[in-house]
Amino acid sequence: MLLDILQNLRAVLTPSAIFCGLAVLLVLLSSAAAGVLCTGRNHAVRRELRQLRRVGVSPDQSNMRDQYDAQYDLPPGGSTSRPIRIKAIYIHPVKSFAPIEVDRALLTKSGFMYDRCFAIAAEVVEPDLDTGARKRFWRFISQRTKPAMSLVKTELWLPHPASDPSHVLVRSGGCVVVRFPDPERPTWLTWFESLLYTWNPAIAPEVSFIAPLNLTESHLPTHDVEKTPLRPFVIHGRTAQGIDMGAVPSVAAALPKLKRFLKISDPTPFTLFKCTPDALVRTTQNLAPLKYIGSPSVHGYTDQQPVNVASLSSVHDFAQLLPKENQPLNALRFRANVWITGAPAYDEETWKRYRIVRKNDTPGAPRRARVDAVLCVVCRTSRCTMPNVDPDKGVFDADKPAADKKKGRPQPSTTLIRHRTVETGNNAAMGYMGMHCVPEDRSLDEAQEQNAGLYVAVGDEIEVLERGEHFYGSTGDDY
């Protein structure tokens, strides 16, 4: 009986029959793959982005990929014949989400264009200190309480010369794409779609959504965009304002999953705010002299100051003080805009003013002004618990616990407090690393007269114009 069956199969399974069967199977699989690709969220996002170009440096080409190299070990007080150069530039489109590395960035009065132009916030209920009554208000969320925010990736997409000016995202000036791991159990369909896009079966499916840089009537068809009100929310005790992007359908659809990914309770109101020129506010502490900057400094969702600069040699020197299990230290934990090399460790803490000398121009990029940007350095950057977040894992780091302890001490903040509390005045500071800076109007005005952008680029050199001593509040609290 079995022999008869095998003989019949042998007769049927001719080479031509096997080939036809494989062809049919291939067609079916191709049709299934095409169907998944054409109906999946990734395809929908890519279709919306077809008139834009992605801006940024790919991770495998990062200018910081050699950040742990010993060539950046320049001890404090030493001398070097090397010029001080900009090694890397980062912008953070959504406050506390993962950054975007760029080869050059447009400097504006309020900092680098697109830096911290969005913020996530949730509604909270707290008792009023005066009356004891419960009050509701919106407060921004950061990695200080939600370290998984470091795993939420951002992409910046902008129009290019061949873009269709009538396309909705072109009219919006571009968009930010936000991607994060899907918090729900993957289905075979979501897993298959992820596999088709990444060819990595181990990568979890992602959720992605588009946040336009500027709203148009296409995003809010039932609203008067020009009359869309700004809503208040709190950032570090100050009141900020922004447009509630939760009214945009693409954003609204993804916010519930983002809330679940960050482990925020379902009943909690939760949204994405967008900064606008009307939402900019004056800095109120550590003010740059008006004789240099021209007009009062303003900022959006950054922490008080428009620009942050840090030195790789300073991070190297500090990292040697950490417990061995916490070395090496990823400099990106400090979330600076500009990373420099060539200066001895902590040399940047003596700068009062510096010029960024133009060295590189990118062919085909928007025209760069024939003027060097000049910035005032106003104070050291007081650190909080955010450097304790491992940006690659989205968890807080600690050292090895002592024999009589169940938990280790948070790192690097424990070591920062011990070795980098180099000044007094800010009781909330958990050590210091990096410097806050303010652009000067003169270079911004010259660039505007040339009808060109005041761009800062990787490879540009730093010329220190003035040096002096810094301590918290030394530059005053009033213009």
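Mentor: Gln 304 lies in the loop between S15 and S16. Its phi is positive, about 80 degrees, although Gln 304 is not a glycine. This is a predicted model, in which local features need pLDDT of at least 70 and side-chain atom pairs count only at pLDDT 80 or more, while totals for chains, interfaces and linings use all residues. Residues are numbered from 1 along each chain as its sequence is written, and side-chain values use heavy atoms, with hydrogens and water left out.

Trainee: What is the average pLDDT of the protein?

Mentor: The average is 88, and 86% of the residues score at least 70. pLDDT is the predictor's confidence in each residue, on a scale from 0 to 100. Over residues 27-39 it stays under 50, and the model has 11 contacts beyond four places in sequence for them. Contact here means heavy atoms within 4.5 Å. Where pLDDT is low, the predicted coordinates should not be read in detail.

Trainee: What makes S8 a strand?

Mentor: Strands are DSSP runs of E with at least two residues, and helices are runs of H or I with at least four, numbered from the N terminus.

Trainee: Why are S8 and S9 called a pair?

Mentor: Two strands pair if DSSP finds at least two bridges between them. S8 and S9 (residues 175-181) have 5 bridges, so they pair, in the antiparallel sense. In S9, Arg 179 is the bridge partner of Lys 153. S1 (residues 52-55) is joined to S8 by 4 bridges and also runs antiparallel to it, with Arg 54 opposite Trp 157.

Trainee: What makes strands S5 and S23 edges of their sheet?

Mentor: The open sheet has 3 strands in the order S5-S4-S23, with antiparallel pairing. S5 (111-112) and S23 (455-457) each have a single partner strand, so one side of each is left without a neighbour in the sheet. S4 (residues 104-108) is joined to S23 by 3 bridges, and Arg 104 stands opposite Ala 457.

Trainee: Why does Trp 138 count as buried?

Mentor: Buried means under 20% relative accessible area, exposed over 50% and partly exposed in between, with a 1.4 Å probe and protein chains only. Trp 138 is at 11%, under the 20% limit, so it counts as buried. Tyr 346 passes by the same rule, because its relative accessibility is 13%. Tyr 346 lies in the loop between S17 and S18 (351-357) and has a positive phi near 65 degrees without being a glycine.

Trainee: How many aromatic pairs are there in the whole structure?

Mentor: The search finds 5. One of them is Trp 138 with Phe 273, at 6.0 Å centre to centre and 90 degrees between the planes. Rings of Phe, Tyr and Trp (its six-membered ring) pair if their centres lie within 6.5 Å; planes under 30 degrees apart count as stacked, over 60 as edge-to-face and the rest as tilted. The centres of Trp 138 and Phe 273 are within the limit and the angle is over 60, so the pair is edge-to-face. Trp 138 is in S7 (residues 134-140) and Phe 273 in S13 (residues 270-274), 135 residues apart. Phe 273 has 0% relative accessibility and so counts as buried.

Trainee: What makes a set of residues a nonpolar core?

Mentor: The set must be buried Ala, Val, Leu, Ile, Met, Phe, Trp, Tyr and Cys residues joined through side-chain atoms within 4.5 Å. The largest such core has 64 residues, and those with the most contacts inside it include Phe 118, Leu 258 and Leu 272. Helix H6 (residues 249-261) gives the most to this core, with 5 residues. Another core, apart from it, has 19 residues, among them Met 64 and Trp 339.
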